[in-house]
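Subject: Structure handover

Hello,

Here is the structure I promised to pass on. Please open it and read the notes below alongside it.

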Amino acid sequence: MSVYTTSSHGESKNDNMEISASGIEGKIRSTAPREFQGPDFQGDQNQWSPEDLFSASISSCYLLSFKELAKARKLDWDKVDVKADATLDRKDGRMAFTSVEIKPELVVKNKKDVDKYMKLLEETKDKCLVTNTVNCSLKLNPKIKVA
């Protein structure tokens, strides 16, 4: 079992907050999402919101999971970019993430391996800790390019 401890600190004079994690140097400055910032907003609109961090946790965990699975199978690849589009909407009378579309773009060296990599990209969604934890629909839209 592992426990991940984070803390958030805010003050009444502005809408910003600082997020820290136990054992990690430095802090992340965060604020309310742009969609929720009213006319009296006192924060920095160029900061990450918790909603941005939610989406980033999916794309980054998916990417790290892919890397580990590819390494374990000794599969060579050039690069991968993972975009996650997390949709926030009203569900059952409250705001919630209703779906996430994960869009990995993988560059490989050999065209004959494309099917192997496509299966690996699909399997990664099922092996990723964060995608296994979220409570919304997940759609995978992978693309593979040959360098």
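Arg 90 has Met 95 in β5 as its bridge partner. Helices (H or I, at least four residues) and strands (E, at least two) are DSSP runs, numbered from the N terminus. This is a predicted model, where local features need pLDDT of at least 70, side-chain atom pairs count only at pLDDT 80 or more, and totals for chains, interfaces and linings use all residues. Residues are numbered from 1 along each chain as its sequence is written, and side-chain values use heavy atoms, with hydrogens and water left out.

Strands around β5

β4 and β5 run antiparallel and are joined by 13 bridges. Two strands pair if DSSP finds at least two bridges between them. β4 and β5 form a hairpin, with 2 residues between them. Asp 92 sits in the turn and has a positive phi of about 55 degrees.

β5 also runs parallel to strand β6 (residues 137–140), with 4 bridges between them. There, Ile 102 stands opposite Leu 140. β5 and β7 run parallel too, joined by 4 bridges. In that pair, Val 107 stands opposite Lys 145 of β7.

Salt bridges

Side chains of opposite charge can pair when their charged atoms come close. A salt bridge here is a side-chain nitrogen of Lys or Arg within 4 Å of a carboxyl oxygen of Asp or Glu. How many salt bridges does a search of the whole structure find? The search finds 9.

One of them joins the side chains of Lys 145 and Glu 105, at 3.8 Å from N to O. Lys 145 lies in strand β7 (residues 143–146) and Glu 105 in strand β5 (residues 94–108), so the pair ties together parts that are 40 residues apart in sequence.

Glu 123 and Arg 73 form another salt bridge, at 2.7 Å from N to O. This pair links distant parts of the chain, 50 residues apart. Glu 123 is in helix α2 (residues 114–127). Arg 73 is in the loop between α1 (50–72) and β4 (79–91). Glu 123 is partly exposed at 24%, and Arg 73 is partly exposed at 40%.

Lys 116 bridges to Asp 113, with the closest N and O atoms 3.5 Å apart. Is Asp 113 buried or exposed? Asp 113 is buried, at 15% relative accessible area. Lys 116 is partly exposed, at 47%.

Lastly, a network of salt bridges links Glu 18, Lys 27 and Arg 29.

Best wishes

Terms used: Buried means under 20% relative accessible area, exposed over 50%, partly exposed in between (1.4 Å probe, protein chains only).
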